[in-house]
Amino acid sequence: MRYIKHILILIVTATLFSCGFYSLSGTNIKDDVKSFQVNYFQNTAAQIEPGVDRDFTIALQDLIQNQTNLELVNSNGDLVYEGEITKYRISPTTATANNTAAQNRITVAIRVRFYNKKAEDDDFEQTFSFFYDYEGSSLLTGSVKDSALDEIFERITQDIFNASLAKW
């Protein structure tokens, strides 16, 4: 009986102390990191779609705010994200017998520079990209464009988050 009591105390203690180092979002943010800043991502791609740069910048800010308790600041952030949109391309992926596109693909690539002022070993520069396929008979406008960019930005921002804060 005495051994069982000691084992239970040991298990409860180990459980309580191990929870203090785990984050439900999977982040690996040190306690001294309090703020982040996302600088405007310029669109330097050969094909420019108006508003994509603004929408991506906001999408990255929103994701980090929603998945961490860090404060968004305009300057002097502990974590800094900057870069540019380097590719925005629409291309056919499959063709029909009539030599028309059966399916098109939009591809977006974003070059990111990440700086961690509290741990410079975490700094990196990397390109993230993703694509979205849509029917060749559809134009990339309105809801088709919105759906495509929403999916692409969701994937790219999550990849950036994982590389910078979750260390996946």
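Helices (H or I, at least four residues) and strands (E, at least two) are taken here as DSSP runs, numbered from the N terminus. By that assignment, Asn28 belongs to the loop between helix 1 (2-19) and strand 1. The model is predicted, so local features need pLDDT of at least 70 and side-chain atom pairs count only at pLDDT 80 or more, whereas totals for chains, interfaces and linings use all residues. Residues are numbered from 1 along each chain as its sequence is written, and side-chain values use heavy atoms, with hydrogens and water left out.

In sequence Asn28 and Ser164 are 136 residues apart, yet their C-alpha atoms are 8.9 Å apart in space. Leaving aside neighbours within four places in sequence, Asn28 is in contact (heavy atoms within 4.5 Å) with Leu165, Ala166 and Lys167.

The strands come next, where two strands are said to pair if DSSP finds at least two bridges between them. Strand 4 pairs with strand 1 in the parallel sense over 3 bridges, and within this pairing Gln37 has Val80 of strand 4 as its bridge partner. Strand 2 also runs parallel to strand 4, joined to it by 2 bridges, with Asn43 standing opposite Ile85. Strand 4 and strand 5, by contrast, run antiparallel and are joined by 15 bridges; here the bridge partner of Ile85 is Ile110 in strand 5.

Helix 2 (residues 52-67) has 16 residues and reaches 22 Å from its first C-alpha to its last, close to the 22 Å expected at 1.5 Å a residue, the expected span being 1.5 Å times one less than the number of residues. Its buried residues (under 20% relative accessible area, with exposed meaning over 50% and partly exposed in between, for a 1.4 Å probe and protein chains only) are Val52, Asp53, Phe56, Thr57, Leu60, Gln61, Leu63 and Ile64. Among the elements that cover them are strand 4 (79-95), strand 5 (101-116) and helix 3 (142-166). For Phe56, the contacts beyond four places in sequence are Phe41, Ile85, Ile110, Phe153, Ile156, Thr157 and Ile160.

Aromatic rings can be followed separately. Rings of Phe, Tyr and Trp (its six-membered ring) pair if their centres lie within 6.5 Å, and planes under 30 degrees apart count as stacked, over 60 as edge-to-face and the rest as tilted. The structure holds 6 aromatic pairs. In one of them, the rings of Phe124 and Phe128 have centres 6.4 Å apart and planes at 65°, so the pair is edge-to-face. Phe124 and Phe128 are both buried, and together with Tyr81 and Phe114 they form one aromatic cluster.

A last stop is the loop between strand 3 and strand 4, where Asn76 is found. Asn76 has a positive phi of about 60° although it is not a glycine, and Asn76 is exposed, with a relative accessible area of 65%.
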